[in-house]
Amino acid sequence: MRVLILASGKGSNARAVMQAVKDGKIAAEVCALISDVENAPALAAAREFSVEPRFIDAGRKGARFSPEGEIAYIEGMRSYSPDLVVLGGFMRILPDPIVNAFSGKMINLHPSLLPMYKGKDSIRRAFEAGETRGGCTVHFVSSDLDGGKIIAQEPVEILPGDTLEDFERRVHFAEHRLLVGVVSDFAEGKIKAP
(Lines give C-alpha, C1' and ligand atoms only; values in the text may rest on other atoms or scores of the structure.)
Protein backbone atom coordinates (compact mmCIF):
# COMPACT_ATOMS: atom_id res chain seq x y z
CA MET A 1 0.00 0.00 0.00
CA ARG A 2 1.29 3.44 -0.97
CA VAL A 3 0.72 6.14 1.67
CA LEU A 4 0.97 9.86 0.93
CA ILE A 5 1.15 12.20 3.94
CA LEU A 6 0.12 15.86 3.99
CA ALA A 7 1.44 17.93 6.90
CA SER A 8 1.88 21.62 7.68
CA GLY A 9 3.82 21.69 10.94
CA LYS A 10 6.19 19.71 13.13
CA GLY A 11 5.19 16.42 11.59
CA SER A 12 4.93 14.41 14.81
CA ASN A 13 2.00 12.39 13.42
CA ALA A 14 3.83 11.87 10.13
CA ARG A 15 6.90 10.79 12.09
CA ALA A 16 4.81 8.24 14.04
CA VAL A 17 3.53 6.70 10.78
CA MET A 18 6.96 6.69 9.12
CA GLN A 19 8.54 5.11 12.21
CA ALA A 20 5.84 2.41 12.31
CA VAL A 21 6.46 1.64 8.62
CA LYS A 22 10.20 1.44 9.26
CA ASP A 23 9.62 -0.86 12.27
CA GLY A 24 7.38 -3.17 10.22
CA LYS A 25 4.22 -2.28 12.20
CA ILE A 26 2.52 -0.96 9.06
CA ALA A 27 2.73 -3.04 5.88
CA ALA A 28 3.03 -0.03 3.58
CA GLU A 29 5.39 2.41 1.92
CA VAL A 30 5.25 6.15 2.56
CA CYS A 31 5.81 7.42 -0.98
CA ALA A 32 6.06 11.14 -0.13
CA LEU A 33 5.24 13.88 2.35
CA ILE A 34 3.75 17.06 0.92
CA SER A 35 3.62 20.30 2.88
CA ASP A 36 2.05 23.68 2.17
CA VAL A 37 4.76 25.31 4.35
CA GLU A 38 8.11 25.62 2.60
CA ASN A 39 10.26 25.16 5.71
CA ALA A 40 7.94 22.90 7.72
CA PRO A 41 9.78 20.61 10.16
CA ALA A 42 7.64 17.79 8.73
CA LEU A 43 9.72 17.98 5.53
CA ALA A 44 12.92 17.48 7.54
CA ALA A 45 11.28 14.50 9.29
CA ALA A 46 10.52 12.98 5.87
CA ARG A 47 14.18 13.32 4.86
CA GLU A 48 15.22 11.50 8.05
CA PHE A 49 13.13 8.51 6.95
CA SER A 50 14.26 8.70 3.31
CA VAL A 51 10.74 9.71 2.28
CA GLU A 52 10.47 12.24 -0.55
CA PRO A 53 9.76 15.70 0.92
CA ARG A 54 7.82 18.06 -1.32
CA PHE A 55 6.60 21.60 -0.86
CA ILE A 56 3.59 22.56 -2.97
CA ASP A 57 2.40 26.14 -2.71
CA ALA A 58 -1.34 26.35 -1.95
CA GLY A 59 -1.35 29.76 -3.60
CA ARG A 60 -2.63 31.91 -0.76
CA LYS A 61 -2.26 32.50 2.96
CA GLY A 62 -4.78 31.17 5.45
CA ALA A 63 -6.76 27.95 5.25
CA ARG A 64 -7.96 28.13 1.64
CA PHE A 65 -6.36 27.25 -1.69
CA SER A 66 -6.09 29.49 -4.73
CA PRO A 67 -7.47 27.95 -7.95
CA GLU A 68 -3.88 27.42 -9.13
CA GLY A 69 -2.91 25.88 -5.79
CA GLU A 70 -5.85 23.50 -6.00
CA ILE A 71 -4.73 22.25 -9.42
CA ALA A 72 -1.11 21.96 -8.24
CA TYR A 73 -2.21 19.80 -5.30
CA ILE A 74 -4.42 17.50 -7.34
CA GLU A 75 -1.68 16.96 -9.93
CA GLY A 76 1.06 16.64 -7.30
CA MET A 77 -0.90 14.18 -5.18
CA ARG A 78 -1.98 12.08 -8.19
CA SER A 79 1.63 11.81 -9.37
CA TYR A 80 2.34 9.44 -6.43
CA SER A 81 -0.64 7.12 -7.14
CA PRO A 82 -1.42 6.82 -3.42
CA ASP A 83 -3.67 4.10 -2.03
CA LEU A 84 -4.19 6.20 1.09
CA VAL A 85 -3.73 9.92 1.77
CA VAL A 86 -3.14 10.80 5.43
CA LEU A 87 -3.71 14.34 6.67
CA GLY A 88 -1.55 14.61 9.78
CA GLY A 89 -1.68 18.21 10.92
CA PHE A 90 -2.44 19.62 7.47
CA MET A 91 -3.90 23.04 8.23
CA ARG A 92 -5.84 23.71 5.05
CA ILE A 93 -9.51 23.26 4.21
CA LEU A 94 -9.56 20.96 1.20
CA PRO A 95 -11.77 22.12 -1.67
CA ASP A 96 -14.27 19.71 -3.23
CA PRO A 97 -12.14 18.86 -6.30
CA ILE A 98 -9.33 17.54 -4.06
CA VAL A 99 -11.78 15.73 -1.76
CA ASN A 100 -13.52 14.15 -4.76
CA ALA A 101 -10.25 13.14 -6.46
CA PHE A 102 -9.29 11.02 -3.42
CA SER A 103 -12.74 10.12 -2.13
CA GLY A 104 -12.74 7.09 0.16
CA LYS A 105 -8.96 6.98 0.45
CA MET A 106 -8.17 10.18 2.33
CA ILE A 107 -8.24 10.31 6.13
CA ASN A 108 -7.74 13.09 8.66
CA LEU A 109 -6.59 13.04 12.26
CA HIS A 110 -8.42 15.57 14.43
CA PRO A 111 -7.58 16.30 18.10
CA SER A 112 -11.08 16.05 19.56
CA LEU A 113 -13.84 13.50 19.97
CA LEU A 114 -15.80 14.55 16.92
CA PRO A 115 -18.41 15.85 16.38
CA MET A 116 -17.35 18.02 19.34
CA TYR A 117 -14.84 20.82 18.80
CA LYS A 118 -14.46 20.84 15.05
CA GLY A 119 -11.93 23.25 13.55
CA LYS A 120 -8.94 24.93 15.13
CA ASP A 121 -7.67 24.92 18.74
CA SER A 122 -9.89 22.00 19.70
CA ILE A 123 -7.63 20.75 22.53
CA ARG A 124 -7.53 24.16 24.18
CA ARG A 125 -11.26 24.73 23.63
CA ALA A 126 -12.16 21.39 25.28
CA PHE A 127 -9.83 22.11 28.20
CA GLU A 128 -11.12 25.66 28.75
CA ALA A 129 -14.74 24.50 28.54
CA GLY A 130 -14.16 22.36 31.62
CA GLU A 131 -14.74 19.03 29.86
CA THR A 132 -13.78 15.90 31.79
CA ARG A 133 -12.26 14.38 28.67
CA GLY A 134 -11.20 15.11 25.14
CA GLY A 135 -9.35 12.89 22.72
CA CYS A 136 -8.75 12.34 19.04
CA THR A 137 -10.56 11.05 15.98
CA VAL A 138 -9.54 9.61 12.62
CA HIS A 139 -12.20 10.13 9.96
CA PHE A 140 -12.64 10.00 6.21
CA VAL A 141 -12.27 13.42 4.60
CA SER A 142 -15.50 14.84 3.19
CA SER A 143 -16.65 18.25 2.01
CA ASP A 144 -17.77 19.05 5.57
CA LEU A 145 -15.02 20.42 7.84
CA ASP A 146 -14.09 17.58 10.22
CA GLY A 147 -17.39 15.98 9.23
CA GLY A 148 -16.54 12.78 7.33
CA LYS A 149 -17.43 9.28 8.52
CA ILE A 150 -15.61 8.46 11.76
CA ILE A 151 -13.22 5.50 11.57
CA ALA A 152 -11.84 5.40 15.13
CA GLN A 153 -11.59 7.51 18.27
CA GLU A 154 -9.52 7.48 21.44
CA PRO A 155 -10.71 9.36 24.53
CA VAL A 156 -8.21 11.13 26.80
CA GLU A 157 -9.22 12.05 30.34
CA ILE A 158 -8.63 15.56 31.66
CA LEU A 159 -7.25 14.83 35.11
CA PRO A 160 -7.61 17.03 38.21
CA GLY A 161 -4.63 19.37 38.35
CA ASP A 162 -3.89 19.03 34.63
CA THR A 163 -2.45 22.03 32.86
CA LEU A 164 -3.34 22.56 29.23
CA GLU A 165 0.18 21.36 28.35
CA ASP A 166 -0.31 18.11 30.33
CA PHE A 167 -3.58 17.37 28.56
CA GLU A 168 -2.19 18.37 25.16
CA ARG A 169 0.80 16.05 25.56
CA ARG A 170 -1.46 13.08 26.33
CA VAL A 171 -3.74 13.88 23.39
CA HIS A 172 -0.73 13.96 21.03
CA PHE A 173 0.49 10.62 22.39
CA ALA A 174 -2.99 9.15 21.79
CA GLU A 175 -3.06 10.66 18.28
CA HIS A 176 0.12 8.85 17.29
CA ARG A 177 -1.16 5.52 18.60
CA LEU A 178 -4.59 5.92 16.98
CA LEU A 179 -3.27 7.04 13.59
CA VAL A 180 -0.69 4.24 13.38
CA GLY A 181 -3.40 1.70 14.23
CA VAL A 182 -5.80 3.02 11.59
CA VAL A 183 -3.16 3.17 8.83
CA SER A 184 -2.09 -0.37 9.73
CA ASP A 185 -5.72 -1.55 9.52
CA PHE A 186 -6.01 0.06 6.06
CA ALA A 187 -2.86 -1.72 4.93
CA GLU A 188 -4.28 -5.04 6.12
CA GLY A 189 -7.61 -4.44 4.39
CA LYS A 190 -9.59 -4.19 7.64
CA ILE A 191 -10.94 -0.74 6.75
CA LYS A 192 -12.76 -0.05 3.51
CA ALA A 193 -13.92 3.18 1.89
CA PRO A 194 -17.39 4.29 3.04
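**Close-up views of the sheet and an aromatic cluster**

**View 1. A bridge between two neighbouring strands.** In this predicted model, V86 has I107 in strand 5 as its bridge partner. Strand 4, made of residues 84–87, and strand 5, made of residues 106–110, run parallel and are joined by 3 bridges.

View 2. The open sheet is built from 7 strands in the order 3-2-1-4-5-6-7, with mixed pairing. Because strand 3 (53–55) and strand 7 (150–157) each have a single partner strand, they stand at the edges, and one side of each is left without a neighbour in the sheet. From one strand to the next, the twist averages 20°.

**View 3. Helices lying across the sheet.** Helix 2 (residues 41–48) lies across strand 2 (29–35) and strand 3, and runs at about 155° to strand 3. Helix 6 (residues 164–187) lies across strands 1, 4, 5, 6 and 7, and runs at about 155° to strand 7.

**View 4. A cluster of aromatic rings.** Ring pairs link F65, Y73 and F90 into a cluster, and the count of aromatic pairs comes to 5.

View 5. F65 is buried, with a relative accessible area of 7%, and F90 is buried, with a relative accessible area of 6%. R92 lies over the face of F65, at 5.9 Å from the ring centre.

Definitions and conventions
Residues numbered from 1 in each chain as written. Predicted model: local features only at pLDDT ≥ 70, side-chain atom pairs only at ≥ 80, totals over all residues. Heavy atoms only, no water. Pairing = 2+ DSSP bridges. Helix = DSSP H or I, 4+ residues; strand = E, 2+ residues; numbered from the N terminus. Axes fitted to C-alpha atoms, helices over the stretch in contact; angles between N-to-C directions. Contact = heavy atoms within 4.5 Å. Phe/Tyr/Trp six-rings, centres within 6.5 Å; stacked < 30°, edge-to-face > 60°. Buried < 20%, exposed > 50% of the residue type's maximum accessible area, 1.4 Å probe, protein only. Lys NZ or Arg CZ within 6 Å of the ring centre and 35° of its normal.
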